[in-house]
Structures are given as structure tokens and as C-alpha cells.
Amino acid sequence: MSFNSVAEFIAYMLGQVSESMRAPMSFNSVAEFIAMGGHGLYVWLCYGVTLLALVLSFVLPRMRQRQLLREQAQRLRREEAGL
Amino acid sequence: MSMPQSISSVFMAILRRDMLLAFRRRQDLANPLVFFVIAVSLFPLGVSPEKSFLAEAGAGIVWVAALLATLLSLDGLFRSDFEDGSLEQLVLSPSPLYAIVLAKILVHWLVTGLPLILLSPILGLMMYLSSDQIVLLGLTLLLGTPVLSLVGAIGAALTVGLRVGGVLISLLVLPLYIPVLIFGAGTVNAAASGLSVAGYLALLGAFFMLALVLAPLAAAAALRISMTNS
Amino acid sequence: MKVWFYRLGSPKWFYDIAGRCLPWLAWSALLLIAIGTVWGLVFAPADYQQGNSFRIMYIHVPTAFLAQSCYLMMAVAAVISLVWKMKLCDLVIVAAAPLGAAFTFLALFTGAVWGKPTWGTWWVWDARLTAMLILLFLYFGVIALQHAIQDKVASARATAVLILVGVVNIPIIKYSVEWWNTLHQPASFKLTEKPAMPSEMWLPLLVMVLGFYCFFAAVLFMRTRNEILDRERRTKWVRELVQKVSSR
């Protein structure tokens, strides 16, 4: 596949996305989807652990930022109070 | 030391000095070697003394034990000089640090690696290796142990002066040792399967050349960093 | 050009720019990963040989790419830090190392779990997995060295040297492990190398890879900003920032 411009590439991608949405789903029912043809444990284990890792990676730095700002605000207040 | 010294004279001076220092503490020299023999002996005891197992695993066992024994001895590479202050003098001196580090590594290999190579035939016999395999094992150790000393010096230089030294060196250096282990032991095993080993020995030689050129540079840089730290 | 390069080294400049890029990166990541996940889980056809377990690929490949890219990025930062003494690069390395280790672990975990239905065991000494394991060891070494040296400047420079030594070794390690693997497993099933994957299969993969890279960049920016807040706490701009935030 070769594209003559970025616009062409994006158009191709959008076409593929919409085509796949109209494409037949690989599973006929929710139960089948969860079972994953017998490989459900492995697939969901992977996706679950990854989701957990991604959420943690995102949330922990935000918490740390808030903690840092809070600590430094306290320190500044103490310094201004002349301690 | 106000006269700038030539590289070779610095090299020889450090070589002589470190060899003298090493032989003054002969007991310490023996420790890694005793560890080497004991570690190899653990495998028949822990796994199986059967010839079928030992002959197949023997080269790998000897190599792993050589690796671990080298790791044990690395902490002392720069530490005694660090503790009495002479390391700082060496780093600050106008002589090229590359040559100084290389001389120290050579002493380390002469005192640790070379005896390991000389002991390996005996251990090879204990592992039921054939005489061809024993020769090949010695050859791979001959090419590989200098690499272990060279790369290990980088780890020692990065951690000199830190309290935790020893275990941290292992953690830093073991991943870098893995290719040497794979090819060192693998060469002997390949020969057992009847494959030609010339290529593998050449590769081990290439590792040696690469380490010879680059490792002292990295170790010297690491020494400078460690010295500014402490 | 030169001004831009040196301005890049200013922590305050990075803090501001990264802060503005963050929402874009984070939302792009969410969107791309969501689309990619749904596409890969629901709409991509099942693999002929592996069945539905191949869908793990949509996580394994992005995390493996990132594990290696992160180390390479750290190596570039290490060079800049050692040559131009740019403090920002030291902070980026501190922020990136645990993140890279986490992605390496995810790649290993998903690779191992993928191996169970494919090869029947929870772990396989496959060349790729073994090389990834060694990469994890390299990350651990970097993190351990960072924490072992108290002085920040010396710690940054020692870590930079270690990272560069590691990066030189990575191709050697890869080659050695490949050779070792062929010696012991002559016909190994390649986990991620599928010669001709139909577009229904690799398009969602592309989306996932892009999404993961955006996610990585977003989290890296967040972590680096935290390091900047921490290290630069005595500077005027940080004090003003803290006061402005706390007065809200």
C-alpha cells in the first residue's frame, strides 16, 4: 500500500474503521464474547492486568503532583510565618 | 609525579603495584577459586550425579560458576584503593585513566580469571566432559573471562564508594554477562552436537575486542563520577 | 535552532509546554486505546491457528515496542545529559525508568500468558521473551543504581553511563539470545511475526500502538513534571506556582 499524501492515509484509515464497524462481529453473543472460544481466561487476564497497570500509571502521578503542591504550599506558609 | 608519564610506563607501574598488593593478601585470592569449585560441586549434589545429566549440563555449570566467582571478586577491584585514598590520586593524576584502569583489570584477570581457566580441566573431568570438550571449555574461558573482568570493572567503578557495593554490582553486570555466557557455554554444547565451532570462537574473540576497547573507557568515566560523588 | 535547543533544557519551559500537551495526549490515548481495544476484541477475525487468544497481541506488541523505545529514549537522554549537561534529561530518565520497566513487565506477562494456550505452558524460553526478560533486568539495574547514589548529580551521571553501556549491549543480547534459541528450539513458533496479516488484523494493532505511545508520552510528561516540581522547589517560578495553586 502506498499513499500520496497524509490526507489519503487518513481517509483510508477512516474508511477501514467504518468498514470494520459494518463488518460482521466475530462473536454471536455476549456469552461467546466472554468465553473467547475457550481462551477467555488468558485474554481477559491480559486485558485486565494491563488495564489495571494503565490506570495505576495514570492515577499515581496525579496523586503525587497534588501531594507535592500541598507539601510545598505548607512549607511556604511556614516560611512566611517566620519559623 | 610531576613528569608526564608515557602510557606504557604508567601501565607497567600500576601492573606491578597491583600484583604486589594482590599477592600480599594471598588468602583473599583463594576465595573466589574455592567458591568456584564448591559452586560446581553443588550441581551434582542438588540435581543429579548421573553422567547423562552432568555431561550435557557440565559446560554450562562450569561457566555459570565462573561467572559468579568473578562477580564475587569484583567488589575488591577498586575498593581497597578507594578506602586508602589512592584511587582519588589516580583519577586526578595527569596520566591517562584508561591505561590505569586497563592495568587494574589485567591484574584482576591474572589473579581471578587465569586460575579459573587452569582449574577448569579438573572440573570438566568431574562433569564427565570429553577431553575435546575440556580443551574447548578452557578456550572459551580464555576468551570469555577477560570480558568478564572488563565489563565487571564498569560495574565496580559505578559502585565504588557505595555501602551496598557487592550485590548491586551483580545486578548491574549480570545482564551484560549473559551474551558471554550464552556463547561461552554454547560453543562447547554446539561442539558436542557436532557443529563447527570456529565461528563461535571468532565471535567470542569479537566480544573480547569490543570489551577491550570500550570497557576501560566506560569504567574510567564511571570512576570519575564516583570520585566526584564521595 | 540553538536557542530552541537550550530553551528545551529549561525545566520551567518544559513544565509549561508539557502541561499544555498533556490533555491532548491523554485524550488521544484514551480514544485510540478504546477504539483499538473494541476493534481488536470484537471486530477483528479470529486467527486460523490460534483462535481468539491471538487478541492478546493487541496488548503484547504495543507494550513490547514501548519497552524497547523507552530504553532507547533513555539512552538518547543519557547522551544529551552527559555531553550537554542538560538537567532536564536527568529528570526525564528518572521519570522514564520505572515506566519502561512496567511496560517491559506487561510485555513479559502478556507474552507468557499468550504462550499457555499456544504452547501449553505458562512460560517458554522463547528468544523474544528471554530478550525481554533481560531488558527487564537492565531496567532494574538502572533503577537500583539511581536509588543507591544519594547525590542527585552523581546519580544522574552514573545512571547515564549505565544506560549507555546497556544500550550497546542490547543488540548483542538480542543476537545471542536468538542464536541460543535456535540451538535449543529449532522450530520455534514466532509470537509476533506473522508474515502476511490481513488488514482487519493489523489495523487495530496500529491504532493500539499509537494509543499506547500517546499514553506513554502523557504519563512520562506527568512524571517528569513531578520531578521538576520536586527538584526545582527552591526556584522563584515554582514558589509562585505553588502559591497560585494553593490560593485557588
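Guide: Begin with the radius of gyration of chain B. A compact globule of 230 residues would have a value near 17 Å; chain B has 18 Å, which agrees. Keep in mind that this is a predicted model.

Visitor: What box do the C-alpha atoms of chain B fill along the principal axes?
Guide: Roughly 60 × 35 × 30 Å.

Visitor: What percentage of chain B counts as buried?
Guide: Burial is read from neighbour counts: a residue is buried if 20 or more other C-beta atoms lie within 10 Å of its own. In chain B, 46% of the 230 residues count as buried.

Visitor: How many helices and strands does chain B have?
Guide: Nine helices and zero strands. Along the sequence, the pattern is α-α-α-α-α-α-α-α-α.

Visitor: And contacts along the chain? What share joins residues at least 24 apart?
Guide: Take the contacts in chain B between residues at least 6 apart in sequence. Of these, 82% join residues at least 24 apart.

Visitor: Let me try a single residue. Where does S93(B) lie?
Guide: S93(B) sits in a loop of chain B, between α5 (86-92) and α6 (97-126).

Visitor: Why does S93(B) count as partly exposed?
Guide: Count its neighbours. S93(B) has 14 C-beta neighbours inside 10 Å, so it counts as partly exposed. Exposed would need 12 or fewer, and buried 20 or more.

Visitor: Which elements does chain A have?
Guide: Three helices and zero strands. The order along the sequence is α-α-α.

Visitor: Next, the chains together. Which pair of chains shares the most contacts?
Guide: Two pairs of chains are in contact, and chains A and C share the most contacts. Chain A and chain B do not touch. Their nearest C-alpha atoms are 25 Å apart.

Visitor: How many residues do chains A and C each bring to their contact?
Guide: Chain C brings 38 residues and chain A brings 29. On the chain C side, the elements that give two or more residues are α2 (11-43), α4 (87-119), α7 (199-231) and α8 (236-247). The most comes from α7(C), with eleven residues. By class, that side of chain C has 22 nonpolar, eight polar and eight charged residues.

Visitor: How many residues do chains B and C give to their contact?
Guide: Chain B gives 22 residues and chain C gives 23. On the chain B side, α7 (131-159), α8 (165-192) and α9 (198-229) each give two or more. The largest share, twelve residues, comes from α8(B). This side of chain B divides into 19 nonpolar, three polar and no charged residues.

Visitor: Last topic: helix packing. At what angle do the axes of α3(C) and α4(C) cross?
Guide: Helix α3 (residues 57-84) of chain C and α4(C) cross at roughly 155 degrees, and their axes come within 8 Å. An angle over 145 degrees counts as roughly antiparallel. That makes α3(C) roughly antiparallel to α4(C). The crossing is left-handed. The residues of this contact divide into 21 nonpolar, seven polar and one charged.

Visitor: And how do α4(C) and α5(C) pack?
Guide: The angle between α4(C) and helix α5 (residues 127-148) of chain C is about 155 degrees, with the axes 9 Å apart. These two helices are therefore roughly antiparallel to each other. Here α4(C) passes α5(C) in a left-handed crossing. Residues of α4(C) in the contact include V94(C), A101(C), F105(C) and L108(C). Those of α5(C) include L129(C), M132(C), Y139(C) and F140(C). By class, the contact of α4(C) with α5(C) has 17 nonpolar, four polar and no charged residues.

Methods
Residues numbered from 1 in each chain as written. Chains lettered and ligands numbered in written order. Predicted model: local features only at pLDDT ≥ 70, side-chain atom pairs only at ≥ 80, totals over all residues. Contact = placed C-beta atoms within 7 Å. Helix = DSSP H or I, 4+ residues; strand = E, 2+ residues; numbered from the N terminus. Nonpolar A, V, L, I, M, F, W, Y, C, P; charged D, E, K, R; others polar. Axes fitted to C-alpha atoms, helices over the stretch in contact; angles between N-to-C directions. Parallel < 35°, antiparallel > 145°, perpendicular 65-115°, else oblique. Left-handed = near helix turned anticlockwise from the far one by under 90°. Rg over C-alpha atoms; globule rule 2.2 N^0.38 Å.
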